[in-house]
Amino acid sequence: MRKSFFALMLVAGLFGAIVAFGGDSADTPPLGLPPVPIPDDNPQTLEKIALGEELFLDMRFSTTGKVSCATCHDPEKAFTDSPLKTSEGIEKKTGTRNAPTVINAAYFRTQFWDGRSPSLEDQALHPPVNPVEMGLPSHQPILDIVRSDPGYVAAFAEVFDVEGEQITMDHVTKAIAAFERTQIAGDSPFDRWFFADDAGALNEQQQRGYDLFVNQGRCVSCHIIEQTQALFTDNRFHNIGVGINDIQSDVPELATEFLKADLTLSEVDVEVLGDKRTSELGRFAISHGFDDLGSFKTPTLRNVALTAPYMHDGSVATLRDVIVHYNNGGVTNEGDPVNDFLSGGIRPLNLDDDQIDDLVAFMEALTSPEYAVPTAAPDEG
């Protein structure tokens, strides 16, 4: 291990571990966010969080020794791999999905764009054995490392009171999930304006953007703001006219073939990253419900200004382009045909250019201070 176990404990504190630590601290999350949900069978401890961070960063858990969880979820890039459209795994292999941020992922009811994992713990199982991500043939190489590396041996004994073959992937993924639950960020200018009555936290353009967000733009229908908190997601799945628009004529055949294949969730994990057309089936690949064709999870908008490009496939370059897509009624180019499976409520917004700029300004105000890019001081003279 790169650091001693106890040094890692100090590092974990710097990542906001106290927010998700349990007890009284769990009742005081950042402004604008609720307490972090903590599973009963995976309570937070500083030692577990520190172990999870080291596992998250370890490149040995890939066939090339060059890919870790942090490769696609880089702490220096708001836990994404921006500006890549879709993530690069071993040997620069690319999948079909854009890497969503880990920040505030603890609040999602399901993980991945199509919700195929029910928890952070389950999600952590899949990238190491996906052929276009970390490429391992099984989880055994990970277990071999954590059962023999002296630092890991000490850490697992301390955190879980296990050693040798007692160490399982359940322990590994619980530690990773514990670390990920510390990546919580609120307290944005919007939060200070909306929840703390700081009238000067948003400028006039951002306030106009907020009005559009909740009224004419109808963004709040899916990116929810409540009276005491704002996750900016409804944790549901919607067909918004991205990806599936390009394969409309193929959908009946693809859906039929997919149902006949009767894949396990592990096989689905491989298929959706390995084949773009299958990827565009979205939530349908998990639910097998035709109402879910082309539907993907509503992402949070917190820190969204830092995570371009956008949508499940990274096909939309800028926040302005995102709003234009919705302004066109769920098509990239005005006048293009709308797909047959578009979610209800998506229709042209009739926003003008100034209003689109206002909406962008509002979403830029959702950036938490720890991720904000410092403003350069004006030149003197």
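**Figure 1. Val-162 is found in the loop that joins α6 (150-160) to α7 (169-180).** The model is predicted: local features need pLDDT of at least 70, side-chain atom pairs count only at pLDDT 80 or more, and totals for chains, interfaces and linings use all residues. Residues are numbered from 1 along each chain as its sequence is written, and side-chain values use heavy atoms, with hydrogens and water left out. Helices (H or I, at least four residues) and strands (E, at least two) are DSSP runs, numbered from the N terminus. With a relative accessible area of 9%, Val-162 is buried. Buried means under 20% relative accessible area, exposed means over 50%, and partly exposed lies in between (1.4 Å probe, protein chains only). Leaving aside neighbours within four places in sequence, Val-162 is in contact with Phe-156, Ala-157, Ile-167 and His-171. Contact means heavy atoms within 4.5 Å. Leu-342 is 180 residues from Val-162 in sequence and 50 Å from Val-162 in space, C-alpha to C-alpha.

**Figure 2. Helix α2 (residues 46-57) and α7 cross at roughly 100°.** Two packed helices are described by the angle between their axes and the distance between the axes. For α2 and α7, the axes come within 7 Å. Axes are lines fitted to C-alpha atoms, for helices over the stretch in contact, and angles run from 0 to 180 degrees between N-to-C directions. The two helices α2 and α7 are therefore roughly perpendicular to each other. Angles under 35 degrees count as roughly parallel, over 145 as roughly antiparallel, 65 to 115 as roughly perpendicular and the rest as oblique. On the α2 side, the contact is made by Lys-48, Ile-49, Leu-51, Gly-52, Glu-53, Leu-55 and Phe-56. On the α7 side, Val-172, Lys-174, Ala-175, Ile-176, Ala-178, Phe-179 and Glu-180 take part. By class, the contact of α2 with α7 has nine nonpolar, one polar and four charged residues. Ala, Val, Leu, Ile, Met, Phe, Trp, Tyr, Cys and Pro count as nonpolar, Asp, Glu, Lys and Arg as charged, and the others, Gly among them, as polar.

**Figure 3. Helix α14 (residues 319-327) and helix α15 (residues 353-364) cross at roughly 125°.** Their axes come within 9 Å. The helices α14 and α15 are therefore oblique to each other. The crossing of α14 and α15 is right-handed. A crossing is left-handed if the near helix is turned anticlockwise from the far one by less than a right angle, and right-handed if clockwise. The residues of α14 that make the contact are Leu-319, Arg-320, Ile-323, Val-324 and Asn-327. Those of α15 are Asp-353, Ile-356, Asp-357, Leu-359, Val-360 and Met-363. Sorted by class, the contact of α14 with α15 has seven nonpolar, one polar and three charged residues.

**Figure 4. Helix α10 (residues 251-261) has Val-251, Leu-254, Ala-255 and Phe-258 as its buried residues.** Seen down the axis of α10, these buried residues fall within an arc of 95°, so they line one face of the helix. The arc is that of the directions from the helix axis to the C-beta atoms. Pro-252 and Lys-260, on the other side of α10, are exposed. The cover over the buried residues of α10 includes α11 (265-274), α12 (276-279) and α13 (284-287).

**Figure 5. Asp-197 and Asp-198 in a loop: Asp-197 is found between α8 and α9, and Asp-198 has its place between α8 (189-194) and α9 (204-214).** Most residues other than glycine have a negative phi, and most peptide bonds are trans. Asp-197 has a positive phi, near 55°. Asp-197 is exposed, with a relative accessible area of 68%, whereas Asp-198 is partly exposed, at 33%. Not counting residues up to four places away in sequence, Asp-198 touches Arg-192 and Trp-193.

**Figure 6. Phe-79 lies in the loop between α3 and α4, and Pro-83 lies in the loop between α3 (69-72) and α4 (120-123).** Phe-79 has a positive phi of about 60° although it is not a glycine. At 1% relative accessibility, Phe-79 counts as buried. The peptide bond from Ser-82 to Pro-83 is cis, with omega near 10°.
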